[in-house]
Amino acid sequence: MGTPAAEFDVDVDLVAALLRVQHPDLADLPLRIVASGWDNVVVRAGDSLAVRLPRRAAAATLVEHEQRWLPTIAALVGDVVPVPEPVRTGRPALGYPWAWSVVPWFPGRTAGEHAQGVRVAHDLAAVVTRLHVPAPPDAPVNPVRAVPLATRSDAVLTRLATDDVPRAAELATLWRTAAGAPTHTGPPVWVHGDLHPFNLLVEPAPLGDRRLSAVVDFGDLTAGDPAVDLATRWLTFDAAGGRAFGARVDADEATWTRARGWAVSIASALAVTDDDAFRTVAARAVDAVLDG
């Protein structure tokens with residue numbers, strides 16, 4: 001499964017023109033494209049800012065969700081780690097059809113480059129503890145994240161039927177157990193929805209450890225079952241880090257069982273991509289969720 005084709009080509013000239021029209025005080029900043037992912041193009045603007053623009057229509061609504069709700073999320077977790085709360089917003093113009101954002105530029109590298117240890121586990125546990133509080137009735141709805149696992153069975157078992165996912169038969173057994181676990185019965189809580197290691201930034205800390213420097217990409221932000229975020233225990237951390245994360249997060253046995261299911265779902269999705277880094281994390285997560 002490859003990266004979806006762009007529905008609108010975003011380049012530096014377009015970003016410069018949009019800034020010139022809508023935020024002229026930023027128009028002279030040096031610009032360079034630093035990422036072009038499934039949904040968005042990220043253009044670094046000077047030393048301290050970045051411009052984030054959807055590259056396909058499916059991402060446009062997600063950017064609007066971030067613009068609406070990230071100030072709320074920043075108020076919840078900002079004392080632990082920064083999140084990309086927009087400092088400016090942009091509107092469709094010059095033929096570009098969607099809303100876009102200017103956000104802070106955060107230092108660090110993605111946590112997907114290495115399995116993370118205890119320091120990052122403690123940081124991220126503090127983030128999810130502050131984030132997983134009851135969400136308001138008008139919180140965004142995501143039909144594929146923080147929902148009952150059974151609703152995702154067809155998609156997950158289809159991936160597990162391919163040759164791309166290691167230890168697929170064992171994962172299918174674990175998945176069926178998780179999908180049969182008691183569902184979330186508490187109030188819907190805020191969840192990031194896509195808390196895999198490529199949406200976490202880390203940087204060196206004293207004594208050679210790493211620390212969490214930012215949590216990014218809140219496009220899948222929604223309200224629902226916190227288990228989807230807790231899957232990061234097996235996706236992000238080494239054995240010691242996973243134990244530390246689990247010890248710091250207050251969740252019952254059924255929630256951790258569903259979290260294992262979400263780890264199967266996310267790891268299998270990463271495994272069937274054409275991205276080597278994603279597949280490496282998937283293989284590591286498969287072993288962790290089955291053997292850990």
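Predicted model: local features only at pLDDT ≥ 70, side-chain atom pairs only at ≥ 80, totals over all residues.
**Close-up views of a sheet and a helix**

View 1. Residues are numbered from 1 along each chain as its sequence is written, and side-chain values use heavy atoms, with hydrogens and water left out. β6 and β8 (residues 200-204) pair in the antiparallel sense over two bridges; strands are DSSP runs of E of at least two residues, helices runs of H or I of at least four, both numbered from the N terminus, and pairing requires at least two DSSP bridges.

**View 2. The open sheet of three strands.** The strand order is β6-β8-β9, with antiparallel pairing. Because β6 (109-110) and β9 (210-215) stand at the edges with a single partner strand each, one side of each is left without a neighbour in the sheet. Helix α3 (residues 118-131) packs on the sheet, touching β8 and β9, where contact means heavy atoms within 4.5 Å.

**View 3. Helix α10 and its buried face.** The buried residues of α10 (276-291) are Phe278, Val281, Ala282, Ala285, Val286 and Val289, buried meaning under 20% relative accessible area, exposed over 50% and partly exposed in between, with a 1.4 Å probe and protein chains only. Seen down the axis of α10, these residues fall within an arc of 145° (taken from the directions from the helix axis to the C-beta atoms), so they line one face of the helix. They pack against α5 (168-179), α7 (232-236) and α9 (253-271), while the face turned away from the buried side carries the exposed Asp276 and Asp291.

Definitions and conventions:
Axes fitted to C-alpha atoms, helices over the stretch in contact; angles between N-to-C directions.
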